[in-house]
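User: I am new to this structure and would like to understand the terms used to describe it. Please set each value against its definition.

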Amino acid sequence: MPKAKIISVINYKGGVGKTTTTYHIGCSLAQHYHKKVLLVDIDPQNNLTFLCAKAQRWDEFKQQHGTLATLYRQYAAQSAVSTRRVIWENPIELDKGKRITNLDLIPSDVELLGDELGLDGSSAPFPNQQASAWKMSAYLRERRFLAEALRQVENDYDYILIDCPPNLYLMTQNALFASDCYIVTTVPDYLSTLGFDILQGCIIEIRKRSDAAQVFMGKSYGLNSIAELGGVVFVKVRHSPHGILPSFKQKMDDIEKSHPGKRFNSYTTELIGYNLAAEQHRPVWECHTPAAQAAAAREEYQNITRIFLERFHFHAQLKKAHA
Ligand SMILES: Nc1ncnc2c1ncn2[C@@H]1O[C@H](COP(=O)(O)OP(=O)(O)OP(=O)(O)O)[C@@H](O)[C@H]1O
Ligand SMILES: [Mg+2]
């Protein structure tokens, strides 16, 4: 199998559908398009993990195999990292003991919160600052954990999807280094659109710093430049009887103007079925409650996934290898 396409779902704003989107695209890729998928939960809130399985099953898995936090500690201690050991195969259970096949998970852990705070910090280089090799090397090492961990399994999957926490701290920067490109999910309202521009500005700044560090260190690092924007998925869109609410439509058009070609033409509407499906640890199309079925009938995430496949089949090489 050729190398997986690795895509992060990012927004430093909270509650904008990152996890719901990662989960449903992952499930749709596996179930409707027969792709082999690895979901990676790097958010200490564990939300993607708990969409896949109940907390008790996660705890049992953790006791036997560990979580992303286990990998991170191995890496921080400079011991061998064993990514396959923490991969949970087919965690999503359906009716009659069936599972979603072709879909695996690296679960997260609330313990990552402390770990992340421990390692990030003073070694961040600024392009104009007098740099030392030690500082630059530490800066890059802190950010290539996930790229190195995923390199061990990238030939086992078609797609690896990383669900990021609502921030741009160290672990999210790791996701940017590890990915071919990133998707932003956002609600098309005033504050979220402002946030989108701020997010792009922050990522440009992270790119400048990491590129400067890599130029300073030379080829020996062999790290790629960070991911490029691959798409924008709008979520929780509201409708009137005449179509999308004009204020929402305006914000969607604004993002299309400022980032041409990035917007996905399918989006999700605000429907209680998505909330309710979360409690059942299944995608909406596998739930039996009327509200979830109403959401499933719209096939919103199937359409988003179709666009995802068209886009990332052709555009997965966005990230350029650093010379
Ligand atoms: N289309 C939708 N309609 C209604 N509710 C939704 C929709 N999409 C997601 N939700 C709900 O909104 C809440 C936030 O969604 P989600 O957890 O996916 O966002 P997030 O960006 O990952 O949040 P965080 O920043 O905390 O990680 C969840 O309760 C989820 O079930
Ligand atoms: Mg989330």
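Analyst: Helices are DSSP runs of H or I with at least four residues, strands are DSSP runs of E with at least two, and both are numbered from the N terminus. By that rule M252 belongs to helix α10, residues 246–258. The model is a predicted one, in which local features need pLDDT of at least 70 and side-chain atom pairs count only at pLDDT 80 or more, while totals for chains, interfaces and linings use all residues. Residues are numbered from 1 along each chain as its sequence is written, and chains are lettered from A and ligands numbered from 1 in the order in which they are written.

User: How many helices and strands does the protein chain have?

Analyst: The secondary structure amounts to 13 helices and 9 strands.

User: Why is M252 called partly exposed?

Analyst: A residue is buried if 20 or more other C-beta atoms, placed from the backbone, lie within 10 Å of its own, exposed if 12 or fewer do, and partly exposed in between. M252 has 18 C-beta neighbours inside 10 Å, and is therefore partly exposed. In the protein chain of 323 residues, 43% are buried.

User: Which residues is M252 in contact with, leaving aside its neighbours within four places in sequence?

Analyst: Contact requires the C-beta atoms of two residues, placed from the backbone, to lie within 7 Å. On that basis M252 touches P188, F234 and R263. As for N265, 13 residues away in sequence, its C-alpha lies 9.8 Å from that of M252.

User: Which strands does β2 pair with?

Analyst: Two strands pair if DSSP finds at least two bridges between them. Strand β4 (residues 103–106) is parallel to β2 and has 4 bridges with it, with L39 opposite L105. Strand β5 (residues 159–163) also runs parallel to β2, through 5 bridges, and there D41 stands opposite D163.

User: Which residues come nearest to ligand 1?

Analyst: A residue is near a molecule if its C-beta atom, placed from the backbone, lies within 6 Å of it. Of the 19 residues around ligand 1, G14, K18, T19, T20 and P166 come nearest. Helices α1 (18–31) and α11 (272–279) each supply at least two residues of this shell.
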